[in-house]
Amino acid sequence: MDAREAVLDKYSGRVFKNRKDHIVELDEAGVPKEIASNSRSVPGLMINRGCCYAGCKGVVLGPLRDTVVITHGPIGCGYYTWGTRRNKADAPDGRNFIQYSFSTDMQETDIVFGGMKKLHQAIKEAVEIFQPKAVMICSTCPIGLIGDDINAVAATAEKEFGITCIAYSCEGYKGVSQSAGHHIANNGLMKRVIGSAKDEIPKEKKTFRLNILGEYNIGGDGWEQERILKKIGYEVVAVLTGDGSYEALTHAHTANLNLVQCHRSINYIAEMMKTKYNIDWIKVNFIGIDETIRTLREIADYFDDETIKKRTEEVIAEELEEIAEEREFYRNKLTGKTAGIFVGGSRSHHYQHLLMDFGVKTVIAGYEFAHRDDYEGREVIPDIKLDADSKNIEQITVEPDQQLFHVALDKARFDELRKKNVELEYYKGMFKDMGDGTITIDDFNHYETEKVLEIFKPDIFYSGIKDKYMIMKKGVPSNQLHSYDYSGPYACFKGSITFARNTYLSISTPAWNMMTPPWRTKSTLEGTLGDENYA
Amino acid sequence: MLDMTPKTITERKSLRVNPAKTCQPVGAMYAALGVHRCMPHSHGSQGCCSYHRTFLSRHFKEPAIATTSSFSEGACVFGGGSNLKKAVKNIFDIYNPDIIAVHTTCLSETIGDDLNALIRELEIPQGKLVIHTNTPSYKGSHVTGFGNMMAGFINYLSEKSAVSNGKIGIFPGFVNPGDMHELKRMAKSMGVKYIMFPDTDGTMNTPITGDYQMYPKGGTTIDEIRQLGGAKHILALGELTSMIPAMEIKKKCDVDSTALPYPIGVEATDKFLMSLSKLSGKAITEELEEERGQLLDIMVDSHAYYGDKRVAISGDPDTVLGLAAFCLELGMKPKYMLTGTPDEKFTKLAKEMLLKYGVTDCIAKANADLFELHQLMKNEAVDLLIGGTHCKQIAKAEDVPFVRAGFPIMDRYVHSYMPLVGYRGAMRLAELMGNALMDRQDRDAEDKDLEMVM
């Protein structure tokens, strides 16, 4: 029985039928394999997935620091998304709403009689107390059922209070995971925020203006990327949405290139900005030393500017020099170890590269809420059949904005870059970097996690807090790749060292060697026959 | 920190900012985790279950198992019956608990799923059980959900008995495994036959051995919950928290309860032990009396550092009442007592307690939030802040000494293993508060004033 069969073995008919297509063994690198993903979870399986609201409010909108995001619903949802994701923000003007949680805290009477009045009043109070640039409203489950028209409330509030007010119908039951919420948030930002300042596109040829898309500044990752990019000579117009701001997003259309870090959560905006403003996007990865170098060189290659190219190499050399000693130390400590990664919709791929930098091989990888393209590459998108759950998520189309249209990259140049494997308007997916008997599980659950731990016995397992403690109770070190165990940044050169240090500390903490009490292996009791202690 | 919070307090009717409560289902999940071989099940969208497990794991630093009905849009239209049916089959097949404890969410409540009917229609394997409770998130708080889940277990399982089994039921309230452990230690030391329900000591503080047990050896057994129906009497700790299950056991099995405050501090622990003694006919042991004496010795020795200190306390209603009681016993002056849980009984009990100690200028509020607490503290400062992790923002913003107590504490370790209840718990509290106050005195002291002995 191979690993995949062993994992599936316990399942009865219907569960087996569902789960078998979500588990793929990758034997040879480069051989395309298909995986079932972005479909409903099986009720009763202890999964790691969250909901649509978590994707919309928790992931994409939550990090906007100058925006009051009001959760419309009972108190729980707003409470759980308060300060827990580590999307750091630092407002130079002191106007930072990240430290706050706003909710309409709906009560039974609001459910019975409708919550629109309460929502309107809550916006009014938020405007009066906080004077935010924008107010965003995120619905929770009951809102869709009781039929509150949050768009109407938002429209009234805009007129009445003279602010931007945007409503997102991201009820938890929509879609099959957080992913639906990402899409809904992307749509709202594209429709109402991105480019809304309408400032002209700088006409001078040599501007190096970037947006970083799908970077949420967990543990300060975005800041580390910005530091490096600025050092080279780029200007970062907007980050979506880590330490992001409504204000910056309104100017995002002036960037020359979109860098896409988390493909899953933000590819919609990348695509729509290409259509509307003709801004190219490139799939980057700032996680891992070699990946950061590759990314920086590809961005430089895209702009094809000698000064930038030269500066890129200088910065790479400087950063490498700074980490050289520690890099060697941790590489020595970690080489030959194996890892499992179950997280999100992009990181399980990104972190395999970082682990490889230190000689750690990833033997198990899985995503919570990825789609087929995140596993298999964007070339499969035309083949993905939308099911009912996906069809219910609004698909918006945008038209080219002739006023704000960027000059296109020369077609020949585009093809040349693509030929060099630059992921321009493309993402190759995780599978192409895996193989050799490793296993991938989509929408992994508690049982499957336990099972693969037993089969593969990895030296460390990266996941989230829901399974971290279970994994460690089994004797396997586990670090969180959602929250970085309250550490970070993990991005770029210095971040890689922080990651390696944490990994090494987790594997080598002395407690692991003390788990078996010494008296289990060495008796403390000595007695003679007839000793009353043995009676 | 919290730079957007203005000092001027304006009335808010609709906007909740920085809540001091969360929703019912997470309390229900915690209660169910205190039952042996039980799988808590969240009947709603999968996000609820994910948030609640996360919340509990962040506080306890332990696995918090629970499953979900994973509602889709279709389930909202047609009802969640089919999802529950599939879930229950899969849970027994794959995770094999003895009992599944279903709680609802605002979604399944708004749809109007009739859990009584849905559970009746389930095919439940021989010897296995499925029970439920209703926990609409738009009523009460996580504390209400905790009580509701207990009532759900009682309603399904507790058996009325003509003859008392002589045991004392102890409802510990929404407290840590460390507290439950301490309550049991006190009862055991007196030789009292008791049933602790629920009991997370042994489920949410398990040792690491290299062998993960999905169902650790702790937790109230199903048999014990059945036997609660024949208990001699119930000590319902937490006059707000344990009300619902106390009423349920009376209704279902005609077992009487005595409502007591959380045994935090001297007087409340005295009350608990005396009730336990009176009901069981067992004497309060010398060991416990000695602990009491030790606690009082500490209080007398260190009184100067607590006396007249103004304190703000935020958290769950019975916890705040308990902490305030001990603060008063130490000679401190509660200035703010706030809970997010909407229950005016809290305000009434707080006022009675304050009156007894002649404190007249304390603001006690239920249904409040931390934004309001912060504004109040900006207007009239305190010497010490006690509450859960979320209060750390206020502590930092106002540079006020801070002691973590209650739920949730997501940013520190060990706390869930240690008690606040009993004389030993009070000693720990005295140490935590004393250290916070005295560390501050040391920090602020000029070099010439730094005391070597205090």
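Modeller: Strand β2 (residues 38-43) of chain B runs parallel to β3(B), and two bridges join them; strands here are DSSP runs of E with at least two residues, helices are runs of H or I with at least four, and both are numbered from the N terminus. Two strands count as paired if DSSP finds at least two bridges between them. Within this pairing, His41(B) has Thr67(B) of β3(B) as its bridge partner.

Before going further, please keep in mind that this is a predicted model, in which local features need pLDDT of at least 70 and side-chain atom pairs count only at pLDDT 80 or more, while totals for chains, interfaces and linings use all residues. Residues are numbered from 1 along each chain as its sequence is written, chains are lettered from A and ligands numbered from 1 in the order in which they are written, and side-chain values use heavy atoms, with hydrogens and water left out.

The two strands belong to an open sheet of four strands in chain B, with the order β3-β2-β4-β5 and parallel pairing. Its edges are β3 and β5 (129-133) of chain B, each of which pairs on one side only.

Chain B itself is divided into domain 1 (24-139), domain 2 (168-285) and domain 3 (288-449), with bounds that come from an automatic or database domain assignment. The C-alpha centres of domain 1 of chain B and domain 3 of chain B lie 35 Å apart, and their contact (heavy atoms within 4.5 Å) takes seven residues from domain 1 and ten from domain 3. Between these two domains about 760 Å² is buried, with carbon and sulfur atoms giving 67% of it; buried area is the accessible area, found with a 1.4 Å probe, that two parts lose on being put together, summed over both. On the side of domain 1 of chain B, Phe55(B), His59(B) and Lys61(B) supply 67% of the area buried against domain 3, more than any other three residues.

What polar links join these two domains? Four residue pairs, with both residues at pLDDT 80 or more, are in polar contact between domain 1 and domain 3 of chain B, a term that covers a pair of N or O atoms within 3.5 Å, where within protein one must be able to donate a hydrogen and the other to accept it, and where residues adjacent in sequence count only if both atoms are side-chain atoms. Helix α2 (residues 46-60) of chain B provides the largest share of the side of domain 1 that touches domain 3, namely four residues. Zero salt bridges are found across this interface, a salt bridge being a side-chain nitrogen of Lys or Arg within 4 Å of a carboxyl oxygen of Asp or Glu.

Moving out to the other chain, the contact takes 75 residues from chain B and 76 residues from chain A. The two chains bury about 6,600 Å² between them, 62% of it on carbon and sulfur atoms, and in chain B it is Met4(B), Tyr51(B) and Tyr138(B) that lose the most area to chain A, together 12% of what that side buries. There are four salt bridges between chain B and chain A; Glu108(A) and Lys139(B) meet through their side chains in a salt bridge of 3.5 Å, N to O. Polar contact across this interface involves 33 residue pairs, both residues at pLDDT 80 or more.

The strand β3 (67-68) of chain B returns here, as one of the elements that each supply at least two residues to the side of chain B that touches chain A. On that side α2(B) gives the most, with ten residues. By class, this side of chain B has 33 nonpolar, 26 polar and 16 charged residues; Ala, Val, Leu, Ile, Met, Phe, Trp, Tyr, Cys and Pro count as nonpolar, Asp, Glu, Lys and Arg as charged, and the others, Gly among them, as polar.

Strand pairing also crosses from chain to chain: strand β3 (residues 102-103) of chain A and β1(B) pair in the antiparallel sense over two bridges, and in this pairing Phe102(A) stands opposite Val17(B).
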